[in-house]
Amino acid sequence: MPITTLDELFEHNLKDIYGAEQRLLESLDEMAGEATDREAKKMFQQHKKETQGQIKRLEKVFKTLGMKAEAQPCPGMEGLIKEKKSFSKEKPSEDILGFYNLHAAQKVERYEITAYEGLIEAAQHMGMDEAVDLLQQNLDEEERALDLLKQLASDYEVEQEEGEETGQEEDEEEKAPATSGGRKR
Ligand SMILES: [Fe+2]
Ligand SMILES: [Fe+2]
């Protein structure tokens with residue numbers, strides 16, 4: 001059915017972000033698992049917990065509409081997750097993957113921030129104070145997460161290769177434990 005009213009649009013976007021947040025739990029786990037930088041790992045684990053709280057808040061927003069929470073696939077978030085996964089499959093070094101993930105996660109946060117801003121504006125237009133308050137709490141967490149990711153990325157030290165390497169050395173490096181990369185002291 002075509003969407004023609006603001007409340008229908010709000011409902012559509014709410015289902016979309018509800019689906020996206022659920023989809024992100026797995027992705028945050030994956031990025032925490034891939035992180036060799038202790039601070040980054042902690043950040044991803046912490047944001048996963050926040051995301052679980054955000055999902056609960058979204059369920060309360062559905063309640064304010066007198067609706068049961070319902071997710072719909074979010075093609076935007078799906079695309080960001082797909083992009084990240086296909087980069088992991090190219091088997092980058094661990095510290096490069098760690099650096100890449102800090103920016104992949106920033107793309108996700110920016111997506112979420114824009115989604116929440118749109119929902120909040122619509123809720124304000126409709127005078128839905130309780131929903132505005134709940135959505136604002138989620139937005140605040142996403143903004144803090146983005147700031148932290150930016151800081152982690154700017155402090156991240158990526159190992160630079162010196163000179164050319166032979167294929168054999170590269171093989172040895174792939175088997176090496178994750179000791180390189182990480183934060184500047
Ligand atoms: Fe989120
Ligand atoms: Fe987030």
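Start with the pair α1 and α4: their crossing is left-handed, meaning that the near helix is turned anticlockwise from the far one by less than a right angle (clockwise would be right-handed). The model is predicted: local features need pLDDT of at least 70, side-chain atom pairs count only at pLDDT 80 or more, and totals for chains, interfaces and linings use all residues. Residues are numbered from 1 along each chain as its sequence is written, while chains are lettered from A and ligands numbered from 1 in the order in which they are written.

**Stop 1: α1 against α4**

Select residues 6–34 for α1 and 94–125 for α4. Helices (H or I, at least four residues) and strands (E, at least two) are DSSP runs, numbered from the N terminus. The two axes come within 10 Å and cross at roughly 160°. Axes here are lines fitted to C-alpha atoms, for helices over the stretch in contact, with angles from 0 to 180 degrees between N-to-C directions. The pair is therefore roughly antiparallel. That label applies over 145 degrees; under 35 counts as roughly parallel, 65 to 115 as roughly perpendicular and the rest as oblique.

Now show the contact residues. On the α1 side, pick L6, L9, F10, N13, L14, I17, L24, M31 and E34. On the α4 side, pick L97, G98, N101, A105, V108, A115, G118, L119, A122, A123 and H125. Contact means C-beta atoms, placed from the backbone, within 7 Å. Colour the residues of this α1–α4 contact by class: 14 are nonpolar, 5 polar and 1 charged. Nonpolar covers Ala, Val, Leu, Ile, Met, Phe, Trp, Tyr, Cys and Pro; charged covers Asp, Glu, Lys and Arg; the others, Gly among them, are polar.

**Stop 2**

Select L119. Beyond its neighbours within four places in sequence, L119 contacts F10, N13, L14, I17 and L135.

Next, the largest nonpolar core. It holds 37 residues, and L14, I17, L119, A123, A131 and L135 touch the most other members. Such a core is a set of buried Ala, Val, Leu, Ile, Met, Phe, Trp, Tyr and Cys residues joined through C-beta atoms within 7 Å. Buried means 20 or more other C-beta atoms within 10 Å of a residue's own, exposed 12 or fewer, and partly exposed in between. Helices α1, α2 (38–64), α3, α4 and α5 (129–155) each supply at least two residues of this core. The largest share, 10 residues, comes from α4.

**Stop 3: α3 against α4**

Select α3, residues 75–89. The axes of α3 and α4 come within 10 Å and cross at roughly 175°. That makes α3 roughly antiparallel to α4. Show G76, M77, L80, K84, F87 and S88 of α3 with L97, Y100, A104, K107, V108 and Y111 of α4. This contact has 8 nonpolar, 2 polar and 2 charged residues.

**Stop 4: K91**

Move to the loop between α3 and α4, where K91 sits. Phi of K91 is near 55°, a positive value in a residue other than glycine. Most residues other than glycine have a negative phi. K91 is exposed, with 8 other C-beta atoms within 10 Å.

**Stop 5: L25**

Go back to α1 and select L25. L25 is partly exposed, with 15 other C-beta atoms within 10 Å. Leaving aside neighbours within four places in sequence, L25 contacts K48 and T51. Draw a line from the C-alpha atom of L25 to that of Q52: 7.7 Å, for residues 27 apart along the chain.

**Last view: the whole chain**

Zoom out. The protein has 6 helices and 2 strands, in the order α-α-α-α-α-β-α-β from the N terminus. Of its 185 residues, 29% count as buried.

How values were computed
Contact = placed C-beta atoms within 7 Å.
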